[in-house]
Structure formats: structure tokens, C-alpha cells
Amino acid sequence: MKKKSMRPLSVIARTACGMYSWFMLAFGAYVIVHGDVTPGGGFQGGSICATFLALMLIAQGSDYVEGWLNENFYKVCLFLGLFMFIGFGLMGMGWAFDGTMMFNWAAVAHDQLAVVKPWWPPSGTVALMDIAVGIEVAGGLSLILITMFRAVRLNQVVEDGLGKETGHDQR
Amino acid sequence: MISANLPYFVFAVLFLIGLLGALLETNLIKIGIAIDVMESAANMFIIVLGYRNGGYIPVKFLMPEGVTNFVLPTPQALTLTAIVIALATSALMLSLIVMLYRHYGTLDVREIRRLRG
Amino acid sequence: MKCKTLFIIAAIVVGGALMGAVSSLHPFGVPTAEGTAVDEHYLNRAGVDISCENVVTSIVFDYRGFDTIGESSVLFTALLSVMMLFRKGGRKE
């Protein structure tokens with residue numbers, strides 16, 4: 001009495017997925033972190049990081065992914081990113097004499113760039129907010145994928161017929 | 001007259017294709033895809049509005065020596081928000097289609113109109 | 001069917017209005033002077049006020065940071081409604 005589930009793809013597809021999926025995660029992190037120098041930023045990199053879960057779901061089948069999936073991790077990512085983002089915005093209120101929200105309190109002026117603090121991002125809160133929004137978008141889009149996937153599986157009885165390979169999606 | 005504004009006409013035609021698909025199709029999933037095509041055409045139209053002849057990308061770190069001619073950056077920043085909104089409406093549309101299929105058992109719009117479950 | 005011809009006529013009217021509106025815009029590649037006033041301000045001051053070289057990211061996170069808060073809330077609302085639709089609660093009939 002099993003529920004219908006997504007069948008894994010063939011051996012070739014699973015091997016290629018194992019080779020490429022971690023590169024996608026690293027590329028997404030690269031696009032997030034280099035947000036203030038090259039084109040990219042928080043939203044773009046977060047979407048790239050969420051396609052890691054989509055590739056694992058399609059190539060490895062639902063039984064394998066449900067084994068190691070823990071949706072609390074993505075919830076933590078989502079709320080941590082949001083709190084960091086709002087926190088960086090609110091910190092600009094009591095910091096300087098201007099006292100507005102989203103005030104760039106961490107910026108370093110151009111003429112004292114590499115002298116004051118060499119390890120501080122010179123663009124200030126833009127780089128910090130980039131990382132916060134990237135983490136939040138990655139967690140949020142992965143959660144949408146997981147919720148919709150778990151609800152689509154139908155509760156039907158399937159007789160254990162053929163083997164566990166070759167085929168695409170549901171049978 | 002047409003050849004001077006050709007990119008605008010292309011995206012207007014794409015918007016019309018999506019509109020015709022949303023009105024004349026009978027399968028629910030095809031209606032959802034047509035609405036997505038309409039939103040993508042509108043986003044691309046915003047970006048095309050902000051082009052300057054011979055401009056470079058608005059990233060000062062990567063520019064060659066002595067360049068002052070940049071492409072307008074504000075439409076690109078507004079399109080980022082619009083893409084996220086399009087994603088939200090697509091996710092909700094697909095979820096509602098799943099619930100409709102479970103309740104009525106069919107994906108045809110004409111059948112659902114007749115049943116009135 | 002009567003509905004189909006009505007839809008096609010409406011699409012033709014909307015298409016005509018779109019083509020008429022598009023051909024009266026500014027020519028492609030030459031924006032008007034008052035249309036680029038705000039962008040010139042952002043392009044001239046992006047590397048001087050703050051040391052962020054990417055003008056688009058500095059617009060999204062620094063000059064117009066409130067719109068990014070609204071966008072995050074849209075993402076949250078979408079996630080919330082999807083999770084609410086697919087709840088597995090026991091229905092008390």
C-alpha cells in the first residue's frame with residue numbers, strides 16, 4: 001500500500017545531477033556575494049540557489065529526497081534573512097544625526113578607502129543587505145517548491161510492478 | 001514610422017499573443033501560461049524603454065577608460081520587483097488549478113462551468 | 001459561439017489601441033531630456049556618495065530601499081497563501 005511517488009530518472013541523469021548540483025549552489029553564492037561589484041545581487045542569486053532543490057527533486061525521485069529533507073532548515077533561513085534585513089534598516093535610525101531609516105551607516109568615503117578598515121565593505125549596508133536578501137529568497141522559494149510538491153502526490157494504491165528505474169515522473 | 005520603434009512593436013505583439021491565448025483557450029493550464037506570457041512581455045517592455053544609443057552597462061567598476069555614456073538604470077531596478085510579483089501570481093494560479101482539479105476531476109473550462117459543483 | 005467573436009473583436013480593439021500608443025512614444029534609443037533627469041542624478045552621484053560601483057544595486061538597496069521591503073512582503077504573502085491552501089487539517093463536517 002504505497003502512495004504514488006515520482007520515479008527517479010536513469011543512471012546517466014542521476015550521475016550528471018550529482019556532478020552539477022553543487023556547482024549550481026556555489027555559483028548562486030558567488031552571484032549573491034559579488035552583488036555590489038558585478039551585475040547580480042540578492043534576488044538573482046537567491047533564485048539560482050533555489051534551483052538546486054528543483055534539480056534534486058526531478059532527477060533523484062521523491063523517495064530519496066524525502067529521506068534527507070528537513071523543512072525547518074529553510075524556515076530558519078527565511079526568518080533569519082528577514083530579521084537581518086529589517087535590522088540593518090532600523091539600525092540607521094539611532095546611529096547618526098540624520099536618523100532616517102535605511103541610512104547607509106556603514107559606508108566608507110572614497111578618499112579614505114583602504115586606510116580605515118581594510119576588511120570592511122566600502123559600500124556599507126548595500127553589501128550586508130545583499131547577503132540577507134539572498135538567504136531569504138533562497139529559503140522562501142525552496143519552501144514554495146516543497147509545499148507544492150508534497151500536496152500534489154495523490155493518495156492512491158499502487159501495485160509494486162516493474163523495477164525502480166527508467167521512466168519519467170509518475171507511472 | 002514602424003521601423004523607428006520596432007522593438008516596441010515586437011513586445012506589443014507578444015502581449016497580444018498572450019491576451020488572445022488567455023481569452024480563447026479552454027484548458028486551465030494553458031490559460032495560466034498565457035497570463036505568464038503577458039506579464040513577461042510587460043516586464044521586457046519596461047527594460048526596452050530605457051535604452052540609449054551607444055551606452056554601456058551601468059556598472060562603474062567594469063567600464064573602459066573615460067566613458068560617460070550609460071544606459072538608464074532605473075527601469076532595470078523597477079523590473080526586479082515586477083518579476084517577483086509575477087512569480088507570486090504564477091505560484092498562486094497553479095495552486096488554485098490543483099485544487100480545482102481535485103474538486104471537479106476535469107481541466108476543461110466548459111465542463112466546470114456546467115457542473116457548478 | 002457568440003462569446004468567441006466578442007473576444008476576438010475586443011482583442012482587435014485593444015491591439016489597435018496598443019499600436020497607436022506605441023508609435024507615439026519617443027524614438028528608440030533617444031530618451032527625452034526630462035525623462036533622464038533622475039537617472040543622471042543617480043549616475044553622477046553613485047560613486048561619490050557611497051562607494052558602491054554597481055548603480056542598479058545601489059538604487060535597489062540604498063536610494064529606493066522601501067520598495068525592496070514591499071517586495072519582500074509580496075514574497076512572504078505568496079508563501080503564506082500557498083501553505084494555507086495545502087493544509088492537511090481534519091474537516092469537521
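This is a predicted model: local features need pLDDT of at least 70, side-chain atom pairs count only at pLDDT 80 or more; totals for chains, interfaces and linings use all residues.
1. Chain C against chain B. The contact involves 38 residues of chain C and 35 residues of chain B. On the chain C side, four helices each supply at least two residues: helix 1 (2-22), helix 2 (37-49), helix 3 (55-63) and helix 4 (65-85). By residue class, that side of chain C splits into 25 nonpolar, seven polar and six charged.

2. Helix 2 of chain C. This helix has 13 residues. From first C-alpha to last, helix 2 of chain C reaches 18 Å, close to the 18 Å expected at 1.5 Å a residue. Its buried residues include C:Asp39, C:Tyr42 and C:Ala46. An α-helix has 3.6 residues a turn, so residues three or four places apart point the same way.

3. What do the buried residues of helix 2 of chain C pack against? Two helices: helix 3 (74-104) of chain B and helix 3 of chain C.

4. B:Arg102. This residue lies in helix 3 of chain B. Is B:Arg102 buried or exposed? B:Arg102 is exposed, because it has 11 other C-beta atoms within 10 Å, and a residue counts as exposed at 12 or fewer. B:Arg102 and B:Ala88 are 14 residues apart in sequence. In space they are 22 Å apart, C-alpha to C-alpha.

5. Chain B against chain A. Here eight residues of chain B are in contact with eight residues of chain A. The chain B side of this contact divides into seven nonpolar residues, one polar and no charged.

Conventions
Residues are numbered from 1 along each chain as its sequence is written. Chains are lettered from A and ligands numbered from 1 in the order in which they are written. Two residues are in contact if their C-beta atoms, placed from the backbone, lie within 7 Å. Ala, Val, Leu, Ile, Met, Phe, Trp, Tyr, Cys and Pro count as nonpolar, Asp, Glu, Lys and Arg as charged, and the others, Gly among them, as polar. The expected span of a helix is 1.5 Å times one less than its number of residues. A residue is buried if 20 or more other C-beta atoms lie within 10 Å of its own, exposed if 12 or fewer, and partly exposed in between; C-beta atoms are placed from the backbone.
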